[in-house]
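Hello,

Here is the structure I promised to pass on. Please open it first, then read my notes below.

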Amino acid sequence: MTRKRNNPETIAIHGGDYKSDPATNAVAVPIYRTTSYQFNNTEHAANLFALKEFGNIYTRIMNPTNDVLEKRVAALEGGLSCVTVSSGQTASTFAVLNVAQAGDNIVSSTDLYGGTVSLFTHTLSKLGIEIRYADPSNPENFEKLIDDKTRAFYGETLPNPYLRVFPIKEVSDIGRKYNIPLIMDNTAAPVICRPIEHGAAVVIHSLTKYIGGHGTAVAGSIVDGGNFDWTADPKRQPLFNEPDNSYGGVIWGKAVPELTGANVPFAVRARVCLLRDLGSALAPDNAFAIIQGLETVALRMRQHCANAEYAVDFLKKHKEVTKVIYSTEHDKPIADRAKKYLNGGNGPMIGIELKGGIEAGKKFIESLKMFYHVANIGDARSLAIHPASTTHSQLNEKELAASGVTQSYVRLCIGIEHIDDIIEDLDQALNKSSKGNLKAVS
Ligand code: PLP
């Protein structure tokens, strides 16, 4: 009997059913640079379009390179099916558009990536989809905002700047009482958290970050957990229970399990409706770059997290640091969520507040020698940014406070360099942060 391999290190390399290229026996996944695919005959073409048979039609909707990545990401997350898209932003956009239409609402955590807040507050609201915000420190806040137009809950596993782990099971359990699926953005915690195991129905990623891991390609993914009954309450999920006139009147919630034998209507609808209509396909060249990164994601996450633990200990004792923000450094019950949901590491990201306020924050950043100063997370390199003078500079004091960013807050994404070099760089930059004119000291 073959033992079921469920270890992330192995899944990342062997996940999905790709062993070698069927056409050439190539072991590395080939980049299929083609827009279209020769149909065997007219019947074959008609069957593919009618979803009677599954196969390649056009690269906006599917591609064999992307397919390997999709199967591996689905396996890594413990889901049943995955659709890759052009970016993490597209993944969150599609995840919402796949369940909600004008007049509907989504209840989302307040702890979110800034780009998601902007998408929700500005673009999706203009399309008539209302996003209601719930503070995740108390999961019951989600329940209070539900009405009969609520189509999904949305959260982020390890959101910065607060770095409070999301109460996945608690919120998912509430949602399931009302047939509301939980969509989780697991960008900052691949491998160390598998939200589907805790009840999430859909997991999205910006593959640009830790899964790609090297800052070389922008990409996104949407994993269907296969664990949500989209037909249990037809009024709650009209997009899966009413005939879709754009596809010959198909009812996605019923048709997909019948056609595929798998409960993955969310993934199929995202692919054949949203990729078909909105485009935003992942280029196979970028899928190839992400596949290279994915192969080492488990090793890298282990190293990112181990280095981050050391750095937290160091920073807590440093005289220039007034506060360290980390998944395990919160009061109870928030800190307990790190224990409950993170496995094999407590995350790669750290926030610090500096004694000298905004000027110290800027000086610290400018004094770093090895860390990169970039608006990104999830690179093998160590990264730092001072949000108050960059990503959050358009916010007023009140908005800054609400977003969890203080004037002196600095976000660190600890890389996989040797820990001694990371600590040395942090130490020398912190020691300069409180000193006068930077030019005089550097
Ligand atoms: N989700 C999270 C948590 C992110 O940090 C980001 C980008 O920083 C995104 C989504 C958007 O991803 P992308 O930049 O690939 O569009």
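Met184 has Val203 in β6 as its bridge partner. The model is predicted, so please read everything here as computed from it.

That bridge belongs to a strand pair. Strand β5 covers residues 182-185 and strand β6 covers residues 202-206. They run parallel to each other and share 3 bridges.

Now the whole sheet. It is open and has 7 strands, with mixed pairing. The order is β1-β7-β6-β5-β4-β2-β3. From one strand to the next, the twist averages 20°.

- Helix α10 (residues 265-278) lies across β1, β6 and β7 (220-224). It runs at about 30° to β1.

Then the overall picture. The protein has 17 helices and 12 strands. Its radius of gyration is 22 Å, close to the 22 Å that the globule rule gives for 442 residues, so the protein is as compact as a globular protein of that length. The C-alpha atoms fill a box of roughly 75 × 55 × 45 Å along the principal axes.

How much of the protein is buried? Buried residues make up 55% of the 442. The protein exposes about 19000 Å², and carbon and sulfur atoms supply 52% of that area. Among contacts with a separation of 6 or more, 73% join residues 24 or more positions apart.

Best wishes

Note on methods: Residues are numbered from 1 along each chain as its sequence is written. This is a predicted model: local features need pLDDT of at least 70, side-chain atom pairs count only at pLDDT 80 or more; totals for chains, interfaces and linings use all residues. Side-chain values use heavy atoms; hydrogens and water are left out. Two strands pair if DSSP finds at least two bridges between them. Helices (H or I, at least four residues) and strands (E, at least two) are DSSP runs, numbered from the N terminus. Axes are lines fitted to C-alpha atoms, for helices over the stretch in contact, and angles run from 0 to 180 degrees between N-to-C directions. Contact means heavy atoms within 4.5 Å. The radius of gyration is taken over C-alpha atoms; the globule rule is 2.2 Å times the number of residues to the power 0.38. Buried means under 20% relative accessible area, exposed over 50%, partly exposed in between (1.4 Å probe, protein chains only). Accessible areas come from the Shrake-Rupley method with a 1.4 Å probe; for residues, only the protein chains shown count as cover.
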